[in-house]
Structures are given as structure tokens and as C-alpha cells.
Amino acid sequence: MITDKVLARERAAGLGVGQGTALYVGAVLGTGVIALPALAAKAAGPASLIGWLLMVAASAPLAFTFAALGARHPDAGGVAHYARLAFGPRASAVVGWCFYAAVPPGSSAAALFAGYYVESAVGGGRATAIVTAFAMVLTAAGVNWFGVRVSGRAQLALSVLLVGFLLVAVLFALPHADPGHLEPFAPHGFAAIAPATALLVWSFVGWEAITHLTGEFRDPGRDLARATAAAVVIVGVIYLAVALTVILVLGPAAADSAAPLGELLAVAFGGNARVLAAVAAVLLTLGTMNAYYAGAAKLGAALGRDGALPAWLGRGSRAGEVPRRSLAANVVASLTVLGVVSALDLDLGSIVLATSGLFVTVYAVGVAAALRLLEQRVVAGIAMLTVLALLAMTGVHLLWALLVAAAALAYGGWKVPRR
């Protein structure tokens with residue numbers, strides 16, 4: 001049994017600003033940068049850059065709202081815990097299930113995006129992409145099996161390496177830019193910016209993921225704000241730089257590319273650079289999956305502790321503990337979803353939008369909780385306006401969130417006792 005003294009020692013050796021920043025960057029700056037510039041360009045052409053600008057501006061109040069909640073109420077339950085404090089156990093069960101259910105399809109799509117980069121570099125068709133995706137799920141699960149501190153150190157190394165790599169890719173590709181690729185600016189009309197922005201929600205989910213790890217920080221009140229500020233700047237600069245470079249360098253061809261970052265590097269350094277792009281895509285995606293499996297594992301343990309999921313999952317919810325049961329359950333679900341998506345060759349864009357609907361629901365409840373729990377509500381109010389816009393743009397894809405919410409309540413979330 002882990003004593004309180006041991007747990008205190010574990011927390012003293014917990015996450016600092018550097019590792020916290022790296023986890024944030026990894027959670028947000030992952031598959032978005034390797035896949036979404038092409039998908040957004042296909043939806044709206046160069047006008048998709050407006051969507052990127054809107055999402056960068058919108059992400060800051062969301063990020064700081066969740067950081068403020070995490071600093072004030074550190075708990076493995078994350079947004080589900082804030083929902084419990086603000087609205088009671090029903091809301092907590094719903095938001096917890098939405099986040100927990102979003103990770104398997106989200107990680108499956110992410111792993112396949114990276115797998116197609118590998119396929120573009122080494123060949124082998126869909127089989128290469130699928131095998132790569134399965135290997136990545138198992139790798140991210142293995143890293144998290146040894147605990148959040150190991151995960152945090154791995155994430156720090158990945159983030160430093162990959163931010164440098166992306167900046168080099170942009171700097172060496174930009175000399176090949178053609179301003180003429182900005183014309184026509186809105187080939188599908190300006191109305192197409194809305195669906196493109198809905199796709200880009202995927203690129204900016206992640207600010208809520210680290211709320212499940214706030215109890216692992218050495219000093220949440222101080223370090224969360226610093227890590228958030230650093231991550232907002234890093235993520236915003238990288239996303240805008242990559243999206244603009246993809247449009248200016250690749251032009252209309254960007255819309256048809258399954259590996260736009262690889263195409264950029266091929267332009268800058270030659271065709272062999274696709275191998276470098278594949279390595280970068282795998283590492284970026286592993287960073288995202290690492291952060292999400294860490295957060296989901298802690299969340300599942302907290303939901304088991306609180307009765308919103310089977311009590312068997314509850315072990316590992318306290319700071320310093322490793323929630324291996326919850327991690328295993330989420331990884332098995334991820335492997336199952338990945339198998340179904342691969343076997344049926346489902347459209348990854350649809351998977352992205354369905355996952356985004358789940359995350360936007362988490363955002364909506366979390367920000368509403370912030371308006372009730374925080375003393376300073378100006379930033380949370382701005383974040384709520386952002387969330388309302390995202391809900392409108394997500395549209396029909398919120399159906400998945402409604403189904404998950406219904407399942408959470410049917411399981412018996414309304415019976416969860418208050419702690």
C-alpha cells in the first residue's frame with residue numbers, strides 16, 4: 001500500500017514547467033500539424049488560413065481557463081471533477097465519458113495519419129500504415145505503463161526535438177513559396193471557412209487533456225500558468241507557420257496530399273526527405289498519444305473511484321500512482337477501434353469530426369464549470385463565446401457526444417454519490 005508520505009515524496013519529484021509545457025505541446029501540436037493543413041486546404045483553399053487564425057485566437061482563453069481550473073482544483077478527474085463541483089455527479093459522468101470515449105477513435109485516426117507518412121516514405125500500401133498505427137498505440141501505452149514522470153521526460157525530449165524540426169522545415173521550404181498560390185483565395189466561397197474551422201478543432205484539442213495530470217505537478221498554482229503560456233505561444237507560432245507554408249509552397253496540390261509535411265520537405269531537400277517527414281510524423285503523433293493516454297488513464301481511474309465507471313478501474317487515481325487498469329482498458333478500446341477503422345477503411349475525416357464533437361462537449365461543460373467556480377470570470381466568458389461558436393460549427397457531429405452522454409446516464413451516473 002502507498003502511504004501518504006510516499007505520495008508526498010512522489011509529488012515533490014513530479015512535473016515541472018518544462019515537462020508540463022512539453023505535455024501541453026505534445027497534446028495539442030500533434031497530428032494537427034501533419035494532417036490538418038491538407039484537410040483544411042481541401043475544404044476551403046487558402047481561405048483556410050482564416051480558420052487557423054481563428055483557432056489560434058480561440059485557443060488562448062480556453063487554455064488559460066483550464067489552467068486556472070487545474071491550479072485551483074487539481075484532481076485526476078480533470079474536467080469531470082470540475083463538472084462535479086459545479087453541477088453535480090450527472091454532469092461529471094457525462095463529461096468524463098465523453099473524454100474517455102474520445103481517446104480510442106482519436107488515437108486511431110492519429111496513428112493512421114502518421115502511418116500514411118511512413119507508407120509515403122517506404123511504400124507497402126495500406127498495410128504499412130496499419131501496422132505502423134498498431135505499433136504506435138502499443139508504444140504509447142508502454143511508455144505510460146511506467147508512470148507520468150517517465151512519460152513527462154519522454155515528452156520533453158520529443159517536444160524539443162520536434163519543434164526544432166518543424167521550424168527547420170518551414171525555413172527551408174519558404175524560399176520555394178509562390179504568392180500566386182493564394183489565388184483564388186476562397187475557391188469554394190467564404191462559407192467554406194466554417195467547415196474547415198470545424199476540422200481544425202481537432203488541431204487545438206489538448207488544453208483539457210493535462211487537467212487530469214494537475215495533481216502530478218510539483219506546484220500546480222505556479223507551474224500550470226507558466227506551462228500554459230509557453231505552450232500557447234509555441235503551438236500558435238508553429239501551426240500558423242506550417243499552414244501558411246503548406247499553402248504558399250504546395251498550392252492547390254496541398255488539398256490532395258496525405259502527407260503535406262513530407263511534400264514540404266521533399267521540395268526543400270529532395271524526395272529522400274520524406275523519410276525524415278515520416279520520422280517526424282511518428283514522433284509528433286506519439287507525443288500526442290502519450291499525453292492523451294496519460295490523461296485518459298488518470299481520468300478513468302477517477303471515474304472508477306467516483307462510481308461513474310466500474311470500481312475495478314479506480315486504482316491509481318491518487319497523485320503518484322500509476323492507473324494501469326484504466327490505461328489497459330483505454331488501450332484495448334483503442335486497438336479495437338483501430339482494427340474496425342482499418343478493416344472497413346473508414347474515412348478519417350469523419351472520425352476526426354466525430355472525435356471533435358466529443359471534445360467540444362467536454363469544452364462546453366468545462367468552461368461552464370469555470371464560470372461557476374472561478375472568481376475571475378472574464379477569460380472564461382471569452383472562452384464560452386468560443387465554445388458556443390465551435391458547437392455551432394460542429395453541428396451534426398455532436399450526435400456522437402449525445403449518444404455517449406446517454407450511455408453515461410444509462411450506466412447510472414445519476415447515482416454517483418457526492419464526495
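1. A residue counts as buried when its relative accessible area is under 20%. Ala 198 has a relative accessibility of 5%, so it counts as buried. This residue belongs to helix α9. Setting aside residues up to four places away in sequence, Ala 198 touches Leu 353, Ser 356 and Met 393.

2. The model discussed here is predicted. The protein has 16 helices and zero strands. Of its 419 residues, 58% are buried. How many of the contacts between residues at least 6 apart in sequence join residues at least 24 apart? The share is 84%.

3. The largest nonpolar core contains 126 residues. Leu 29, Val 33, Ile 34, Trp 52 and Trp 207 have the most contacts inside this core. Which helix gives the most to it? Helix α6, residues 89–122, does so, with 16 residues. A separate core of five residues lies apart from the largest one, and its members include Ala 44, Ala 47, Ala 192 and Ile 193.

4. When neighbours within four places in sequence are left aside, Val 33 is in contact with Leu 166, Ile 238, Tyr 239, Val 242 and Leu 284. Val 33 is also one of the residues with the most contacts inside the largest nonpolar core.

5. Helix α5 covers residues 79–87, and its axis comes within 7 Å of the axis of α6. The two axes cross at roughly 160 degrees. Angles over 145 degrees count as roughly antiparallel, and α5 and α6 are therefore roughly antiparallel to each other. The crossing of α5 past α6 is right-handed. On the α5 side, the contact is made by Val 79, Ala 80, His 81, Ala 83, Arg 84 and Phe 87. On the α6 side, Pro 89, Ala 91, Ser 92, Val 95 and Gly 96 take part. Sorted by class, this contact has seven nonpolar, three polar and one charged residues.

6. Is helix α11, residues 260–269, largely enclosed or largely open? Seven of its ten residues are buried, so the rest of the structure largely encloses α11. The buried ones are Pro 260, Leu 261, Gly 262, Leu 264, Leu 265, Ala 266 and Ala 268. Just after this helix comes Gly 270, with a positive phi of about 105 degrees.

7. Helix α12, residues 273–306, packs against α11 at an angle of about 145 degrees, and the axes are 8 Å apart. This crossing is right-handed. From α11, Leu 261, Gly 262, Glu 263, Leu 265, Ala 266 and Phe 269 meet Ala 273, Arg 274, Leu 276 and Ala 277 of α12. By class, the contact between α11 and α12 has seven nonpolar, one polar and two charged residues.

8. Gly 236, in helix α10 (residues 220–250), has 8% relative accessibility and so counts as buried. Between the C-alpha atoms of Gly 236 and Ala 60 there are 9.1 Å in space, against 176 residues in sequence. Leu 374 is in the loop between α14 and α15, and its relative accessible area of 7% makes this residue buried. Leaving aside neighbours within four places in sequence, Leu 374 is in contact with Thr 65, Ala 68, Leu 69 and Arg 72. The C-alpha atoms of Leu 374 and Arg 72 are separated by 8.4 Å, while the residues are 302 residues apart along the chain.

9. Two loop features concern the backbone. Glu 183 and Pro 184 are joined by a cis peptide bond, with omega about -10 degrees. Pro 184 lies in the loop between α8 and α9. Asp 345 is not a glycine, yet it has a positive phi of about 55 degrees. Its place is the loop between α13 and α14. With 48% relative accessibility, Asp 345 counts as partly exposed.

Note on methods:
Residues are numbered from 1 along each chain as its sequence is written. This is a predicted model: local features need pLDDT of at least 70, side-chain atom pairs count only at pLDDT 80 or more; totals for chains, interfaces and linings use all residues. Side-chain values use heavy atoms; hydrogens and water are left out. A nonpolar core is a set of buried Ala, Val, Leu, Ile, Met, Phe, Trp, Tyr and Cys residues joined through side-chain atoms within 4.5 Å. Buried means under 20% relative accessible area, exposed over 50%, partly exposed in between (1.4 Å probe, protein chains only). Helices (H or I, at least four residues) and strands (E, at least two) are DSSP runs, numbered from the N terminus. Contact means heavy atoms within 4.5 Å. Axes are lines fitted to C-alpha atoms, for helices over the stretch in contact, and angles run from 0 to 180 degrees between N-to-C directions. Angles under 35 degrees count as roughly parallel, over 145 as roughly antiparallel, 65 to 115 as roughly perpendicular and the rest as oblique. A crossing is left-handed if the near helix is turned anticlockwise from the far one by less than a right angle, and right-handed if clockwise. Ala, Val, Leu, Ile, Met, Phe, Trp, Tyr, Cys and Pro count as nonpolar, Asp, Glu, Lys and Arg as charged, and the others, Gly among them, as polar.
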